[in-house]
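Subject: The structure I promised you

Hi,

Here is the structure we talked about, with my notes below it. Have a look at the picture first, then read on.

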Amino acid sequence: VGSRLICAGCGTEPSEAFAWRCPKANGDDVDHVIRRVLDDAAFAPTADEQPFLRYRGQLRSWHVASDRGMPAAEHEGLVTGLDRAVGEVDGTGFLVTPFGRADELSARLGFAAGGGVWIKDETGNVSGSHKGRHLFGLMTDLLVAEQLGLLEGSRPPLAIASCGNAALAAATVAAAARWPIRVFVPVDGDPVVIERLVGLDAAVVRCPREPGVAGDPTFHALRAELADGAVPFTCQGTENGLAIEGGMTLGYEVAEALGGAGADHVVVQVGGGALATAVAGGLREAGLQGTRVHTVQTEGAAPLARASERVATRAATDGVDAAMRYARAHRTEFMWPWEETPRSVATGILDDETYDWAATVEVMLRTGGHAEVVSEERLRAANALGFETTGIPADHTGTAGLAGLLSLRDRRLVGDGDRVVVLFTGVRRNTGDPRSRGGSR
Ligand SMILES: [Zn+2]
């Protein structure tokens, strides 16, 4: 045994080896989210360059496989085979992505020599973003479950609600495994993305927004599909708690590269909250508990900042433990869908609910982080500055963390000598834009 699954909301430990959702999640106000907890805190990367081999000792699929007598070479073979297939579909498999101090950007932002901005570049990752990490991890779980005979009958279909990087990553990984997938998209979804999804053999379902119904219509459709037995192949921890684990590889990579010097801050863009939850968890498991975790949302949709303020108010009198216990038991007092239809140039962080809000709020409270909310003007300025100084062709969602850093610098919450990590998460896709990624993949 190397790990356990436990619901962060109610404490239930599911009996299945792989449980996507809490068995007690049935419409009460508790924030049920399955979380993978390690029994052994050792962080011991291997020499592999493939993150899911390098950090296999952290992974649920590795623990379940070894508990049930699957030879180590067989687990490695499943990961390697899936990665090779991803490479055939996408042109690249998963490798530790580039990370380093952005010297020109650091100088422009007035950092001293010891401090600065370190950028993790995910724009060249599988399907052009970090999202594939979450889904490759889930697919590894599914393949191990299948191999161990834990899936009943034929392969259950996969389902996701997205028309952006998450959908592209999900369809790419599903195609690599030749596993059927349905993708629920909004009626005004990006035609370039939809064309690519169809090209990856995903079944695309358009979902109109219904008047008077709050919340994302694609999410409502996803819920119905899951009720029919589909596997939540999503980056939302509420639907599939194990999705967080694959994203933690990002935190492991950052922590390993920083070494003993660590970082004072990490600034993470938040849509559904899985990235922030995963990065914070990865840093923690790799030994960087002290890094301040800040989040960034747009003025177009900031449900996490709203929730964070409410929990912080409670924590000021009751303490963090009691405030978080209360918040997880009374979800709707803290998190509900953003009332207006959200709009922003950063389309990837417009989720009208922050699904993984509780873990993110908690880590901000415990590390002294802030929930920044930035303007459209700032999102544009950060994107231009990021490209000009680093040459990394990230989109506005991808550079939203930098927008948050600009805000934190303005508010003097990040000092000149501080070490800051920012994630450039998604590549620009406008093919007419000469600065977007060229023909490399
Ligand atoms: Zn629960």
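**Overall picture**

With 441 residues, a compact globule would have a radius of gyration near 22 Å, and the protein comes in at 20 Å, which agrees. (That radius is taken over C-alpha atoms, and the globule rule is 2.2 Å times the number of residues to the power 0.38.) Before you go further: this is a predicted model, where local features need pLDDT of at least 70 and side-chain atom pairs count only at pLDDT 80 or more, while totals for chains, interfaces and linings use all residues. Residues are numbered from 1 along each chain as its sequence is written, and side-chain values use heavy atoms, with hydrogens and water left out.

The C-alpha atoms fill a box of roughly 60 × 55 × 50 Å along the principal axes. The protein has 15 helices and twelve strands; these are DSSP runs numbered from the N terminus, helices being H or I with at least four residues and strands E with at least two. Buried residues make up 57% of the 441, where buried means under 20% relative accessible area, exposed over 50% and partly exposed in between, using a 1.4 Å probe and protein chains only. Of the contacts with a separation of 6 or more, 73% are between residues 24 or more positions apart; a contact is heavy atoms within 4.5 Å.

Strands count as paired if DSSP finds at least two bridges between them. (For angles in general, axes are lines fitted to C-alpha atoms, for helices over the stretch in contact, and the values run from 0 to 180 degrees between N-to-C directions.)

Six of the seven residues of S10 are buried, so S10 is largely enclosed by the rest of the structure.

**H14 against H15**

How do these two helices pack? H14 (residues 376-390) and H15 meet at an angle of about 105 degrees, with their axes 8 Å apart. That makes them roughly perpendicular, a label for angles of 65 to 115 degrees (under 35 is roughly parallel, over 145 roughly antiparallel and the rest oblique). On the H14 side, Arg378, Leu379, Ala382, Leu385 and Gly386 take part, meeting Ala400, Leu402, Ala403, Leu406, Ser407 and Asp410 of H15. By class, this contact has seven nonpolar, two polar and two charged residues; Ala, Val, Leu, Ile, Met, Phe, Trp, Tyr, Cys and Pro count as nonpolar, Asp, Glu, Lys and Arg as charged, and the others, Gly among them, as polar.

H15 (residues 400-410) is mostly covered, with ten of its eleven residues buried. Just after H15, Arg412 takes a positive phi of about 55 degrees.

**The four-stranded sheet**

The other open sheet I looked at has the order S7-S6-S5-S8, with parallel pairing. S7 (203-207) and S8 (231-232) are at its edges, each with a single partner strand, so one side of each is left without a neighbour in the sheet. Helix H7 (residues 191-199) packs on this sheet, touching S6 (181-186) and S7, and its direction makes about 145 degrees with that of S7. S5 (residues 158-161) and S8 pair over two bridges, with Leu158 opposite Val231 in S8.

Thr218 lies in helix H8 (residues 217-227) and is buried, with a relative accessible area of 3%. Not counting residues up to four places away in sequence, Thr218 touches Ala161, Phe184, Val185, Pro186 and Cys207.

His75 is found in helix H3 (residues 72-90) and counts as buried at 1% relative accessibility. Leaving aside neighbours within four places in sequence, His75 is in contact with Ser61, Trp62, Ala65, Met70, Thr140 and Val144.

Cheers
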